[in-house]
Amino acid sequence: MVGIDIEQTKRFELMLKKFDKKKLHRIFSQKELDYCFSKKFPHIHLCGKFCAKEAFFKATNLKIPLNKIEVLNDKNGAVQIYVEDKKFNADVSISHTSEYAVAIVLCKAM
């Protein structure tokens, strides 16, 4: 199964101005937040990870909380999806510009 999602990065820039850490943790894990906030423009990276989560939902039809899905980069930069701390068998690609982020998830087996 395949899922894809695209979002405007501006939405996440505005979200960072409104949301406190508690609300961010409803969507992102601490590892995801640490990664994104290590970047010059964290909202762009948060947007990309959110797109990957949405693409994952579209590909799997699983109904679990957003913060139980982690979109993490390994030491080589490859993106991996973890569901409740277990690596999910999927290929993930995230791309972004200053205006948009897009992600595609291809599930290998369920």
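Before we click on anything, a word on what a helix is here: a DSSP run of type H or I with at least four residues, with helices numbered from the N terminus. Keep in mind too that this is a predicted model.

**Stop 1: E32**

Select E32, which sits in helix α3. Is it buried or exposed? E32 counts as buried, because its relative accessibility is 0% and the cut-off for buried is under 20%. Now show what surrounds E32: leaving out residues up to four places away in sequence, it touches I27, K49, K53, I69, E70, V71 and L72. E32 and N67 are 35 residues apart in sequence, and their C-alpha atoms are 9.7 Å apart in space.

**Stop 2: F28**

Keep N67 on screen and select F28. Which residues is F28 in contact with, leaving aside its neighbours within four places in sequence? The list is F12, M15, L33, L46, K49, F50, K53 and N67. Two of those names, F12 and F50, come back at the next stops.

**Stop 3: α1 against α4**

Colour helix α1 (residues 9-18) and helix α4 (residues 42-60). Their axes come within 8 Å and cross at roughly 115°. The crossing of α1 past α4 is right-handed. To see who makes the contact, pick T9, R11, F12, E13 and L16 on α1, then P42, H43, I44, L46, C47 and F50 on α4. How do the residues of this contact divide? There are seven nonpolar, two polar and two charged.

**Stop 4**

Zoom in on F12 and F50. Both are buried, and they form a tilted aromatic pair, with 5.3 Å from centre to centre and 55° between the planes. F12 belongs to helix α1 and F50 to helix α4, so to speak two distant parts of the chain, 38 residues apart, linked by this pair. How many aromatic pairs does a search of the whole structure find? The count is three. Next, select F56, F57 and F88, which form one aromatic cluster.

**Stop 4**

**Stop 5: H45**

Back to helix α4, where you'll find H45. H45 counts as buried because its relative accessible area is 18%, and the cut-off is under 20%. Not counting residues up to four places away in sequence, H45 touches Y35, C36, K39 and H96.

**Stop 6: a loop with positive phi**

For the last stop, find the loop between β3 and β4 (86-87) and select E84 there. Most residues other than glycine have a negative phi. E84 is not a glycine, yet its phi is positive, at about 50°. Now click on D85, which lies in the loop between β3 and β4 as well. D85 also has a positive phi, about 70°, without being a glycine. Is D85 buried or exposed? D85 counts as exposed because its relative accessibility is 65%, and exposed means over 50%.

How values were computed
Residues numbered from 1 in each chain as written. Predicted model: local features only at pLDDT ≥ 70, side-chain atom pairs only at ≥ 80, totals over all residues. Heavy atoms only, no water. Axes fitted to C-alpha atoms, helices over the stretch in contact; angles between N-to-C directions. Left-handed = near helix turned anticlockwise from the far one by under 90°. Contact = heavy atoms within 4.5 Å. Nonpolar A, V, L, I, M, F, W, Y, C, P; charged D, E, K, R; others polar. Phe/Tyr/Trp six-rings, centres within 6.5 Å; stacked < 30°, edge-to-face > 60°. Buried < 20%, exposed > 50% of the residue type's maximum accessible area, 1.4 Å probe, protein only.
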